[in-house]
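Dear colleague,

I am passing on the structure we talked about, together with some notes on what was found in it. Please keep it open beside you as you read.

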Amino acid sequence: MAVRLLKVSSLATTVFAASGFYLYNNYVDPNDISIVRFGRAAITTAVISYDYLTSLKTVPYGTEDYWAVKSKVHLRSAERLKDLCCANRGTFIKVGQHLGALDYLLPEEYTSTLKILHSRAPQSSLREIEQVIREDLGKEIAQLFVSFEESPQGAASLAQVHKAVLHDGRTVAVKVQHPKVQTQSSKDILVIEFLLKTVTWLFPDFGFMWLVEEAKKNMPLELDFLNEGRNAERVANMLKHFEFLKVPKIHWDLSTKRILTMEFVEGGQVNDLEYMKENCIDVNEISRNLGKMYSEMIFVNGFVHCDPHPGNVLVKKCPKANKTEIILLDHGLYQDVEIRTNAALYLPQISELLNKVPREMLLLLKTNDLLRGIETTLQTRASASSFFNMSRCCIRAIAKYQKKRSRSRYKKMQIYFSEAFTLWQINLYELLLWIRGSTLGNWIVSFLNHIHYVH
């Protein structure tokens, strides 16, 4: 027995020593070890669940004290969740950012706390970036670029963007995936799925299992930068009739699944009112054009940007052409939405809990939130321009659908004239509203009132 014990202890010592020697010579970040990531996530989930179970147990439901205590529990839990996302990074930050955008589903304590994750994304070192470029493109940075800025222009949960200059003098943006995200994402999704199932078992009313299904479907697409490049080209071609829209061109010879090299474009965020004032950008024009762009995506083409937030939409004044451009970034995820045939099916569900609404409908609501939020920031809501643009796109989409189904030339002509007349009515109504709100409109109203008073 003693001999066996001695052999086992000797073997354990050898394994420990070998592991220590390996870790000493090949530094491994503990945050990248699966068991550490799982343990941290499991402990956080357990603490949050225990907090809800115990804190609300003794307080009568529906009282002021109940709601006050619940708000405090929400806030503590949101902070713990945020800390978990920051520690585990990658997929966890991505899911946390998604939760932070669910203002229509989650308590305000969660959304306001988790929104911070948009500015807390991790950065990979230049050495790690060089490794990804070397592995995917087969060359060193110096062989591919004249210059390559060490500090990223921006970092997100899955990647970061560096400014670089090609040998022909063109400036490009190089989006490089964090090196460990690809291998960790599938394991992280399994961990999140297991923990959410546990929470659902403890709290049957917890209705967020759809988050896992979304992550399973979307994460592989978001981690494939070639897919993002194809989406960018499709959108650029789809909306090429909009002269105000700019989609950065892709350099396919310097792009892989983990690297996307594109034209470098500068601009201010679409909700940055100070930037627009400094650059003499017409906020009403921006508001109108955003409405046109997203309405065309949703109602005419049915191909919709899945991450509509101000950081993905830039504006820029072109001094030479004296035009204002809207620059659309981050094309990793799009959704095909057949709104013309499916909208009627969604309408009865809107009145139910929003977490039961199909994901495509939530995407449309999220896009609508973006437009309303930007209009509020730019102080252009009174113009209602986006509603007019949306109405025009709806009329065009319905007419297009009816023409496809009609075989009669007479019927097609009837649809054409009906479409033209309805669009004319919308244009006339918009003109009347503009006149009523203008100085000329005020003068006419004052003049008519004066005449009425005289008589």
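**Helix packing, sheet and confidence**

Helices H8 and H9 are roughly antiparallel to each other, because they pack at an angle of about 170° and an angle over 145 degrees counts as roughly antiparallel, while one under 35 counts as roughly parallel, 65 to 115 as roughly perpendicular and the rest as oblique. Their axes lie 10 Å apart, where an axis is a line fitted to C-alpha atoms, for helices over the stretch in contact, and angles run from 0 to 180 degrees between N-to-C directions. Helices (H or I, at least four residues) and strands (E, at least two) are DSSP runs numbered from the N terminus, and H9 covers residues 210–222.

Before going further, please note that this is a predicted model, in which local features need pLDDT of at least 70 and side-chain atom pairs count only at pLDDT 80 or more, whereas totals for chains, interfaces and linings use all residues. Residues are numbered from 1 along each chain as its sequence is written, and side-chain values use heavy atoms, with hydrogens and water left out.

In the contact between these two helices (contact meaning heavy atoms within 4.5 Å), Ser 185, Ile 189, Ile 192, Glu 193 and Leu 196 of H8 meet Val 212, Ala 215, Lys 216 and Met 219 of H9. By class, this contact of H8 with H9 has six nonpolar, one polar and two charged residues, with Ala, Val, Leu, Ile, Met, Phe, Trp, Tyr, Cys and Pro counted as nonpolar, Asp, Glu, Lys and Arg as charged, and the others, Gly among them, as polar.

H8 (residues 181–202) also packs with H2 (residues 34–55), at an angle of about 20° and with the axes 11 Å apart. That angle makes H2 roughly parallel to H8. The residues of the contact of H2 with H8 divide into eight nonpolar, four polar and three charged; among them are Arg 37 and Phe 38 in H2, and Lys 187 and Asp 188 in H8.

A further pair is H3 (residues 64–88) with H4 (residues 91–100), which pack at an angle of about 145° with their axes 7 Å apart. Here the contact is made by Leu 81, Leu 84, Cys 85, Cys 86 and Asn 88 of H3 and by Phe 92, Ile 93, Gly 96 and Leu 99 of H4, and it has seven nonpolar, two polar and no charged residues.

Turning to the strands, four of them form an open sheet of mixed pairing in the order S5-S10-S9-S7, where two strands pair if DSSP finds at least two bridges between them. S5 (245–246) and S7 (268–269) are the edge strands, each pairing on one side only. S9 (residues 313–318) and S10 (residues 323–328) run antiparallel and are joined by six bridges; Val 315 has Ile 326 in S10 as its bridge partner, and Cys 318 stands opposite Lys 323 in S10. S7 and S9 pair in the antiparallel sense over two bridges, and Gln 269 stands opposite Leu 314 in S9.

Finally, a word on confidence: pLDDT is the predictor's confidence in each residue, from 0 to 100, and the chain averages 79, with 76% of the residues scoring at least 70. Among the elements of the chain, H1 (residues 2–25) has the lowest mean pLDDT (45) and S6 (residues 259–263) the highest (96). Over residues 15–27 the pLDDT stays under 50, and the model has two contacts beyond four places in sequence for that stretch.

With best regards
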